[in-house]
Amino acid sequence: MAGNLQKEASLTTAPATAEKNGRFAILEQFLADGMHVMFGNPGTVEQGFLDALANYPQMKYILTLQESVAVLAADGYARATQKPTLVQLHSTPGVGNAIGALYQAKRGHSPLVVIGGDAGTQYLAMDSQMAGDLVAFTEPVTKWSTVVVDPSSLLRVLRKAVKIASTPPMGPVYVCLPMDVLDTPSVEEVFPTSIPSTRVAPDEQTIREIALMLAEAEKPVIFIGDGVAYSGAQEELAHVAELLGAEVWEADAGEVNLSYRHPSYKGMTGHMFGTASFPITSKGDVNLICGTYILPEVFPLLGNIFAPQAKVIHIDLNSYEIAKNHPVTLGVTADPKLTLGKVAQALQELMTAHQKEAAASRFAALSEAKETQRGEAFKQDRAVREKVPLQMSRFMEELMNQLPEDAIIFDEALTNSPPISRYFAPARTGQYFLTRGGSLGVGIPGAIGAKLANPDKTVVGFTGDGGAMYTIQALWTAARHNINAKFVVCNNFSYRLLQLNIDAYWKERAIPRHDFPLSFDLSSPPLQFHEMARSMGVQSVRVEKPWEIAPAIRQALAHPGPFLIDLVLEGDTHPERVGATCGQ
């Protein structure tokens with residue numbers, strides 16, 4: 001995946017002491033690399049460089065109350081800025097708390113530069129309190145993990161980390177910074193990290209091969225991911241799709257890679273069951289994969305997922321993902337924007353009149369089907385508009401009446417995401433962020449990060465009741481720093497996604513449908529998110545009836561600070577069963 005990561009020099013304030021120790025030098029290095037925000041949770045072994053922050057007012061420290069919140073907020077910030085983002089963790093317990101969030105960042109290719117303290121190299125042999133192999137802890141969930149053992153290479157290691165995080169395929173890196181290394185005088189010069197350009201395109205013969213295969217397709221299908229968004233290739237992608245009359249499906253995506261209103265855009269292949277994705281992947285006679293891999297489900301098919309004799313073209317800057325799971329006819333390690341642009345030009349030159357006519361017919365059919373599908377969905381929404389418990393579609397209808405045109409949505413609503421994207425229908429990268437990576441709890445901190453990156457825009461974060469409880473303490477961070485994001489908890493009193501998944505499991509195994517496991521039921525005792533928010537300094541309101549929606553949205557958008565709406569939605573729950581069986 002490609003990223004446009006810009007560097008900017010920053011003025012620094014020298015410490016009052018005669019020598020500049022490593023704890024000051026690292027902050028100057030981060031500022032030189034354009035990092036002005038640090039998300040973190042402090043600990044004793046980091047106290048030295050956190051104390052040094054007072055000398056660098058250009059660096060804003062965003063205090064979180066748990067390490068996973070720091071990582072997930074930084075993930076939102078990195079996605080919104082497409083720049084390396086700084087995270088500070090405590091030693092072994094803190095790193096342990098952050099592992100799930102780091103996995104989310106790795107799967108989503110977020111360029112996070114994660115630093116963590118340690119008591120010191122002199123104590124490594126002691127197996128003392130909080131001792132642990134921090135590099136080994138983080139290796140499985142980062143792109144690179146290391147520890148600085150020589151003070152004379154402190155800044156060199158940090159620059160290497162920034163470069164690795166920022167180079168496609170982007171991803172989080174972890175650098176352990178022992179206290180004694182940071183307390184040692186620094187002898188290195190501070191200068192910005194050099195990030196190599198990855199704007200590479202295939203040779204003309206390869207472009208011609210791609211174009212000829214695509215031109216001959218009768219059922220072309222395109223599969224895309226966030227490599228398209230990071231390289232800024234939406235316009236080129238749309239052009240190729242229109243020239244071919246091809247369906248476009250997202251796989252392993254969380255950014256806006258193609259306008260949701262575009263006739264070719266069909267949505268996601270799926271993230272859970274390969275059997276659900278197979279009807280999509282097996283329909284094409286020529287398949288173009290760009291900026292992603294095939295396929296990201298939890299339960300993927302082990303056999304061939306494409307039609308017999310189908311051709312497969314795979315373009316990505318991450319060569320590891322090409323042909324990782326399934327063979328390809330032609331694999332190309334290249335920048336999506338440059339490559340798709342050249343492919344579009346070649347298609348225009350190589351397609352015959354008959355091929356162009358067939359492609360135009362396919363595109364017209366896609367346009368008609370898109371409008372029919374949207375119309376039917378809105379018709380179904382109108383049929384349940386006044387229903388109580390509430391439907392998510394009614395809330396989104398009201399929200400779109402009041403939301404500014406340049407608003408940003410961070411979406412972890414999961415089972416309630418379809419009506420969000422149906423009414424909001426994002427058109428450009430940076431306007432809509434969908435949760436990715438499989439970890440719960442990103443909705444609230446992700447919106448905080450996106451708002452910090454876009455202080456002049458309205459940012460609304462959606463999460464579910466289950467996801468909210470993973471990182472609910474992030475509301476305190478929003479209140480402390482007066483981060484004016486708006487939050488909506490889609491409260492259906494359950495792990496609704498698990499209910500849907502086990503329903504599919506029952507059908508697959510011909511098991512008669514019955515009551516869902518009580519471990520999926522959050523209805524007893526009921527979670528009162530509006531009260532939790534107020535306890536942490538965030539204004540809130542609970543919405544349970546249709547006529548309460550519009551006033552609640554007006555109140556939230558008008559409030560000069562963070563605001564939460566506890567939105568009570570329809571769910572399949574049985575609190576009486578929970579109480580009768582003591583929660584078992």
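Helices (H or I, at least four residues) and strands (E, at least two) are DSSP runs, numbered from the N terminus, and two strands pair if DSSP finds at least two bridges between them. This is a predicted model, in which local features need pLDDT of at least 70, side-chain atom pairs count only at pLDDT 80 or more, and totals for chains, interfaces and linings use all residues. Residues are numbered from 1 along each chain as its sequence is written, and side-chain values use heavy atoms, with hydrogens and water left out.

Three bridges join β13 to β14, and the two run parallel. From β13 the chain passes through α15 to β14, a right-handed β-α-β crossover (with the strands pointing away from the viewer, the path from the first strand over the helix to the second runs clockwise). Strand β13 also has five bridges to β15, again parallel, with Phe-410 opposite Gly-461 there. Five of the five residues of β13 are buried, so the strand is largely enclosed by the rest of the structure; buried means under 20% relative accessible area, exposed over 50%, and partly exposed in between (1.4 Å probe, protein chains only). Ile-408, Phe-410 and Glu-412 lie on one side of β13, and Ile-409 and Asp-411 on the other.

Helix α15 (residues 417-424) is mostly covered too, with seven of its eight residues buried. Its cover includes α13, α14, β13, β14 and β15. After the helix comes Ala-425, whose phi is positive, near 40°.

Now turn to another part of the chain. Here six strands form an open sheet with parallel pairing, in the order β2-β1-β3-β4-β6-β5. Its edge strands, β2 (60-63) and β5 (144-147), each pair on one side only. Within the sheet, five bridges join β3 (residues 85-89) to β4 (residues 112-118), and Leu-86 stands opposite Val-113 in β4.

His-109, with a positive phi near 60°, follows α4.

Terms used: Contact = heavy atoms within 4.5 Å.
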